[in-house]
Amino acid sequence: MDKIMLTLDEQVDEATKRMIQHLIEKKMKYDHYKNTHFFILSFFILYCLTLLFICYTLVIVPNGYSIMNSITALLGTNHLILLFLMAVLLFGALKFYFEKKEKAETEFHDLRCEIIEKSQDIWNEEHWPSRHRVFDEMKKKYDINLYYESK
């Protein structure tokens, strides 16, 4: 269990601790996919700009007078075709991680909204005053807002 679970011992029951731990794991999974997607997107943009520059200097400038000569020169060089295939694979990885990020975000927000909706049942009358301390810790340590359902 994480550090936050140590401070929850007297405030909530075991089921609530598990729900909060599961929420933290979903948040970490979402953050991982979000960061990975951003890294691949940045790399993809830089890669495409570099590829465009290479194609411009090696194909367009020498064969600028004819489109057919430019296309023939582009398809005639194996290393440029390989670079284009790498761009397609990078785009596939970008799409894959985007879908993973969206799925993880949906799972995280669904679980977060469920905890918010059930907060009346989770924190009974004797633990209700300590609820705000748990919510504040979640906001400070993990950037998880349990006060409102909106993102």
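This is a predicted model: local features need pLDDT of at least 70, side-chain atom pairs count only at pLDDT 80 or more; totals for chains, interfaces and linings use all residues.
1. Residues are numbered from 1 along each chain as its sequence is written, and side-chain values use heavy atoms, with hydrogens and water left out.

2. The chain has 6 helices and 0 strands (DSSP runs: H or I of at least four residues for helices, E of at least two for strands). Its radius of gyration is 25 Å, well over the 15 Å that the globule rule gives for 151 residues, so the chain is more spread out than a compact globule (C-alpha atoms; the rule is 2.2 Å times the number of residues to the power 0.38). The C-alpha box along the principal axes is roughly 80 × 25 × 20 Å.

3. Of the 151 residues, 34% count as buried (under 20% relative accessible area, 1.4 Å probe, protein chains only).

4. The largest nonpolar core has 16 residues (buried Ala, Val, Leu, Ile, Met, Phe, Trp, Tyr and Cys joined through side-chain atoms within 4.5 Å). Helices α2 (14-60), α4 (78-117) and α6 (131-142) each give two or more residues to this core. Leu 146, among the residues with the most contacts inside the core, touches Leu 23, Arg 112, Ile 115, Ile 116, Phe 135 and Met 138, leaving aside neighbours within four places in sequence (contact: heavy atoms within 4.5 Å).

5. Another core, of 10 residues, lies apart from the largest one and includes Cys 55, Val 59, Leu 80 and Leu 90.

How values were computed: Buried means under 20% relative accessible area, exposed over 50%, partly exposed in between (1.4 Å probe, protein chains only).
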